[in-house]
Amino acid sequence: MLPDVLVTPKLGKRTGHRWLTLLFAAPFAVAAVVMGYLGAVLPWAAHPERDASAISERLASPFDAWLGPLREDAVAELLGAGGYDGTFVTWSYAALILCALAAVAMVLTFVRRPAGLRVARLGFVGCYVLAVAVALALWSISGFLQTPGTWIARIGYFGEKDTHLSRVTWWWDMAWPCFVAVPPVVLLHVLSYRASAIHLYTGDATLPRVGDRLIEDVRTWGSDPAWRKSWMGTIASIVAVFLALRLLAMLGCSDRYYVPEGSGDPVVQLVQVVQPKQVVKEVFIVNPRSAISFYVPKLEDSEVEKQVEEMTEMEYESVTMAMAGATGVGGGKKGGWPEGMGQKPVRFIRLRDFGPGWDDGMDQASRADVNFLDEFNKITGFRVAEQSEAITIRQLSRFDKGFAPPFVYMTGDSNISISRNDTQLLREYLLDGGLLFADAGHPNFDRAFRSYITRELFPDNRLLPIADDDPIFRAPYQFPNGAPPLWHHGGRKAMGVYAKVNGRVRLVVFYHPGDINDAWKQGNSGLDRDTAQGAFHMGINIVYYSFTNYLEDTRKYRK
């Protein structure tokens with residue numbers, strides 16, 4: 001005999017709980033939206049040059065936290081090279097077909113007839129298959145991107161080392177919506193076999209039904225409570241352990257950043273300015289009414305020559321000073337910082353957002369980041385990482401206090417895509433000892449960056465020209481006339497944001513408007529060696545400044 005909880009009065013024809021139709025329609029509405037999004041975005045995933053589509057941008061913006069990485073130029077280029085471009089097109093067609101089917105199923109669930117109930121149940125099964133298919137597709141993609149030999153695997157593109165675990169972590173970050181969506185669908189599937197749902201669609205009020213029995217067994221632990229508790233407890237334990245691991249991964253800290261320990265001399269070399277020689281042009285005095293033209297074009301009159309002269313208006317050369325010593329503070333000759341932590345490699349951390357060109361110059365051909373690390377090692381003698389690291393702002397916030405990267409590098413060639421929450425995390429990092437080293441890769445980035453800094457990141461501070469005698473230009477290389485101007489994408493002077501950190505005012509943002517990483521690339525982008533060397537030296541000054549100030553500002557955490 002059934003428990004009283006399952007005994008319900010006989011209902012009228014096709015009445016029952018009408019709100020069930022809304023519940024049954026919900027997963028199909030969500031599936032239609034997601035499939036429509038995938039159908040619109042996937043063709044762009046392997047073709048970044050088409051990503052400028054306004055429709056694609058509008059559709060993608062709410063989902064960047066989910067499938068955003070697939071739409072980045074570097075990943076798209078690699079996926080295209082791996083043959084995923086045709087696969088993505090095929091998947092996009094399948095997604096659009098599924099979108100249409102989901103929309104039809106959603107409409108049919110409102111038709112309270114037996115066929116509507118059958119469509120709902122069949123659709124629930126389709127949701128399971130779809131979740132598994134998407135999860136497997138993402139597993140395939142994550143495996144390809146993490147394959148040893150691809151530059152993404154070698155540089156730790158997703159902020160982790162090239163291990164099997166990193167593949168699982170990134171796959172889960174992409175695939176978790178599939179698993180989160182399954183339990184609600186399972187619940188709805190069970191509800192579709194309850195008496196109230198069957199009566200609503202068919203008018204048959206016969207009791208009991210399979211769904212009612214199943215729900216009652218779960219509620220009362222079934223006819224064999226010991227067995228029921230055993231498997232329920234096992235499932236609950238597995239889910240709890242998995243969720244705990246994910247929570248620890250989300251709240252836990254990344255690998256600590258260690259500044260080299262030791263002591264050194266803060267002054268190494270002086271960078272002197274050599275003003276270019278003024279060219280005296282020859283002037284002919286002739287009869288202005290003469291039919292003969294005496295004008296002979298000179299090389300210095302060409303627009304190309306003027307651009308080159310402007311680009312290299314100030315040449316920099318290093319002159320060894322009498323003071324000897326290795327880079328660092330403390331007055332020693334070994335090099336390092338007394339408050340440093342061990343002799344771990346110096347790491348170059350790049351900030352990863354979803355704005356275009358965020359990884360400009362960091363590919364295997366340009367090697368701007370690797371070249372800078374090599375030059376840093378050659379000049380300072382400190383151990384350096386083999387590759388740079390790209391991390392998100394959220395990953396940046398997971399470092400232990402006092403052991404975060406003293407600086408993060410940021411570049412781009414167009415708009416900046418950083419959420420309000422990430423902006424708050426970035427501001428907290430900077431006001432807690434960090435330094436943002438920004439570099440304009442294009443005039444469009446210059447405009448976007450200035451707007452982002454003054455309107456969002458530091459609305460109460462101004463982006464100001466950095467004075468030539470600022471400490472960042474004085475050690476370990478002295479730049480009497482400020483940073484090398486280079487390409488002038490946003491002016492000739494380095495800019496910065498000053499803020500009070502632990503009671504003293506210092507730079508929290510250093511902005512070079514002249515694309516300094518172009519001088520770090522292979523071939524130095526056509527610059528002569530002396531000018532390129534000045535760009536490397538400027539980068540070393542920024543690292544030195546960030547290390548020195550970070551250790552002082554975060555001393556309280558390490559105590």
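Modeller: Happy to! Two strands pair if DSSP finds at least two bridges between them. Helices (H or I, at least four residues) and strands (E, at least two) are themselves DSSP runs, numbered from the N terminus. This is a predicted model, in which local features need pLDDT of at least 70 and side-chain atom pairs count only at pLDDT 80 or more, while totals for chains, interfaces and linings use all residues. Residues are numbered from 1 along each chain as its sequence is written, and side-chain values use heavy atoms, with hydrogens and water left out.

Let's start with strand β6, residues 435-440. β6 pairs with β5 in the parallel sense, over six bridges. Across that pairing, Tyr409 stands opposite Phe437 of β6. Is β6 enclosed or open? Six of its six residues are buried (under 20% relative accessible area; exposed is over 50%, partly exposed in between, with a 1.4 Å probe and protein chains only), so the rest of the structure largely encloses the strand. In a regular strand the side chains alternate between the two faces of the sheet. Here both faces are covered: one side has Leu435, Phe437 and Asp439, the other has Leu436, Ala438 and Ala440, and all of these are buried.

What touches this strand? Phe510 is in contact (heavy atoms within 4.5 Å) with Leu435, Leu436, Phe437 and Ala438, among others. Leaving out residues up to four places away in sequence, the list for Phe510 also includes Ile466, Ile472, Phe473, Met538 and Ile542. Phe510 matters for the next idea, the nonpolar core: a set of buried Ala, Val, Leu, Ile, Met, Phe, Trp, Tyr and Cys residues joined through side-chain atoms within 4.5 Å. The largest such core has 76 residues, and Phe449 and Phe510 touch the most other members. Helix α17 (residues 529-553) gives this core its largest share, eleven residues. There is also a second, separate core of 15 residues, with Cys127, Leu188, Leu200 and Tyr201 among them.

Leu200 and Tyr201 bring us to helix α9, where they are two of the buried residues. This helix (residues 195-202) is mostly covered, with seven of its eight residues buried. Just after α9, Gly203 takes a positive phi of about 85°.

Now back towards α17, to the loop between β10 and α17, where Asn524 is found. Asn524 is buried because its relative accessible area is 14%. Its side chain reaches the backbone oxygen of Ala519 at 2.9 Å. Beyond its neighbours within four places in sequence, Asn524 is in contact with Asp518, Ala519, Arg529, Ala532 and Phe536.

Let's turn to charges. Side chains of opposite charge can pair when their charged atoms come close. A salt bridge here is a side-chain nitrogen of Lys or Arg within 4 Å of a carboxyl oxygen of Asp or Glu, and the structure holds 18 of them.

One joins the side chains of Asp360 and Lys521 (3.6 Å, N to O). Asp360 lies in the loop between β3 (349-351) and α13 (368-380) and Lys521 in the loop between β10 (504-512) and α17, so this bridge ties together parts 161 residues apart in sequence. Asp360 counts as partly exposed at 24% relative accessibility, whereas Lys521, at 13%, counts as buried.

Another connects Arg256 with Asp400 (2.8 Å, N to O). These two sit 144 residues apart: Arg256 in the loop between α11 (225-251) and β1 (269-274), and Asp400 in the loop between α14 (393-396) and β5 (407-412). Both ends are partly exposed, Arg256 with a relative accessible area of 35% and Asp400 with 23%.

A local case comes from Arg450 and Asp446, whose closest N and O atoms are 2.9 Å apart. Both lie in helix α16 (residues 443-457), four residues apart, about one turn of the helix. Arg450 is partly exposed at 25%, while Asp446 is buried at 7%. Finally, salt bridges that share partners join Arg504, Arg506, Glu552 and Asp553 into one network.

Conventions. A polar contact is a pair of N or O atoms within 3.5 Å; within protein, one must be able to donate a hydrogen and the other to accept it, and residues adjacent in sequence count only if both atoms are side-chain atoms.
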